[in-house]
Amino acid sequence: MKRLTLWLLAVTFLTCSGTVLATDSVDGNDDHKDRPKIGLVLAGGGAKGAAHIGVLKALEEMQIPVDIITGTSMGAYVGGLYATGMSADEIDSFIYSVDWNNGYRDRVSRSQRRVRDKEAEDRYQIRTDIGLHFGSIEAPKGVVQGQSMLRILRKTSGNLPQFETFDDLAIPYRSVATDILKLEPVVLDKGYLVDAMMASMSVPGALPPYELDGYLLVDGGVTNNMPVELAKQMGADIIIAVDISSDYKDREDFSSFFSVGEQLSNYLVRRSTEEQMQALEEQDIYLNPEVGQISTTDFSSMPQAYQLGYDVAYRNLQQLSVLTVSGAQYQQYIDEKQQARKNLVYGDENVIDHIVINNESHYSDELITKRLGLEAGQALKTEEIEQSIEELYALDRFELITYHYKTDENGATVLELDVREKSWGPNYMDFRFFLEEDFNANSFYSIGVTTNFTDLNDRGAELRLNADFGTDKRVEAELYSPFMLNQDFFLLAGAKYHSDRRNVLCQINQSETGCVEPALTGKADFVPVSYREWEGELALGYHATLWQEFKLGARYTTGESYVSPLQSAGKFEFDRKGFFANYKLDTLDDFSLPTKGWYVDLEYVYSRDSGDQTVSDQPSGFSDNAYEISVKTKYVRTFARNTLVGSFDYGMIETENDSLPVNPRELGGFLNLSGIPRNSLIGQNKLYGSLVYRYRWFDNDFGMFQSPVYLGASAEYGGVWDGDKNVSNAPLFLAGSVFAGIDSPVGPIMLSYGRVETGLNSFYLIIGADY
């Protein structure tokens, strides 16, 4: 309604003044080129740049033509789109259809990642991606590398080819970036429109410097946030400058150390803006939408910024009206702009004659070509190319994968792809932190590091080394070696050492030699038991898709267990030699707090088990065949802000060897039979199911990442036992929990209360991902 009122006001105003303009036009020359050239200057400001679209919409309603556009950062983006001939309404649609936050999140959806990569990243959830070299480490140049932002720019701009000059666009255009080495402004007046936009939008720290024509370019706001002088140099007679700078912070706004950096950044940007304001003359028009309090990363406020830009234009209607042209002149302007737009060659219109891959990685050209799966001799839609690139980028070994259209000396259309491996690699480190505290006598914590060595051969072989310390110790090495170009088939060789400590829940019966079935009451005892295990594994694997994996192999395990403070009382030692078949399907979008997808883990093991036990000076040995099956499934579905997670975990072994089993199954802890201490129930066989409800209370959207807050509850049922395989005779218990928590950058932080039907209950504090 407000916009309609302003539009009617403009029509009334322009009708009163338009007679004189029309008369002048008739008496003189009707050629619109006789009028003053109008230059539109759009300043940078992130999400506040939506105000530029509102200004453009108002100018269109006022019938004010734009002959020249210059812009910086988000102004370069909006200005670049308008320069292609788009209308304000077309650009406005991107406010709602584009996930702008995703532009600052390069990683593809977890559901599209390889199963083995998911397993490593789920456990080592602190994703630093630090590069490891002999004697040094190296960090990425930006929080993200720009892969997602480039995809947004290509899709929204039409993926245009190279221009000898941006004067060939529907409206002559220039963007401004900053040479980070010389700290000087760089005017981008030719080349690829996407490059001109991206270079001007590369915010230091968030995005790395953008390499273009020998320059290392970052956001132009530091050196020239509102390029007025540039527009005048291009021939503009009258300037409409739109300033969307942020307001300076007050004392009460300094709530964190980030505030200091933001204030200094605002100062640099405002200083360059004010310098350009000095170039404005009496006939020029300065528009300052009231967007200073909107954060540059608050993309949810873009509709508000749009409206503020629209409003400020109408508040300056009297000044702007002198630039209005007659209906005939404006229609001629629109027709010429649309004709120029029709002459542009959009990416989807290209029939690709040749594909050239500039491979700057250790992977072979054949492997890159095979994984991309693009074929020349046909028109390739932008969406098709982007999907192929995303599937290659999902390997998470590349800094940037970009592409351009070129025309060779024979007039053939060439699709040229640049595949650039991470410059700080090829070895990468990530970290793990996990804590589960039940505020009683049981605490579990883990600190770990993983290092992945990737540059072993051109087929993508990798060596991963893991080390965890804390309540449990773990040292692992795994060699992964694909032996086909598409990496579908692979060889795995691994070695592991585990040292685990468990407080086993049981009741001591004086007439028995050990624990009896626990009653799960507050009177139950805890017996500290330690497990040590060495394992070697060799397997062949097959990736049907990135989210599926099948393995067939051999496994050797040797280990021991004993009551921790009483090693002299005896121990249980075992060896297991066998074969296994394992199938995994994982389409979950998140491991700890998923909102959609499936998880399936099926394993069958045939083994020859042997061992000795010496307890109370009564040694005994065993040797037997074992047949073991494990089934783990999870299904997640979300409705609006409500998520349901259904889980099922079943494990059974055909033989009974001892009360301390060869490969014990564990139960206990938050969402693992809530109410009892972590992993305090141990047995050969296991049955557990749960239904978890989770409500997304609010989002905590910080632009580059989100930290949503959740409330939830669970219903759980299950147990572990030895001996009898009949589930109807198994000791199964009903449990439940209520919880609240936040999904933080280091993983979930949860506070929970759980209770078992027998009365045993516990509070939990959980920090990090439980894996």
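Predicted model: local features only at pLDDT ≥ 70, side-chain atom pairs only at ≥ 80, totals over all residues.
Residues count from 1 along each chain as its sequence is written. Local features need pLDDT of at least 70, side-chain atom pairs count only at pLDDT 80 or more, totals for chains, interfaces and linings use all residues, and side-chain values use heavy atoms, with hydrogens and water left out.

**Stop one: helix α2.** Select residues 50-61. Helices are DSSP runs of H or I, at least four residues, and strands are runs of E, at least two, numbered from the N terminus. 12 of the 12 residues are buried, so α2 is largely enclosed by the rest of the structure. Buried means under 20% relative accessible area, exposed over 50%, partly exposed in between (1.4 Å probe, protein chains only). Q63 follows α2, with a positive phi near 60°.

**Stop two: helix α7.** Select residues 193-201. Nine of nine residues are buried, including D195 and M201.

**Stop three: ring pairs.** Rings of Phe, Tyr and Trp (its six-membered ring) pair if their centres lie within 6.5 Å; planes under 30 degrees apart are stacked, over 60 edge-to-face, the rest tilted. The structure holds 21 aromatic pairs. Select Y363 and F398: this pair is tilted, 5.6 Å centre to centre, with 40° between the planes. Y363 lies in the loop between β12 and α14 and F398 in strand β14, so the pair ties together parts 35 residues apart in sequence. Y363 and F398 are buried.

How values were computed: Expected span 1.5 Å × (residues − 1).
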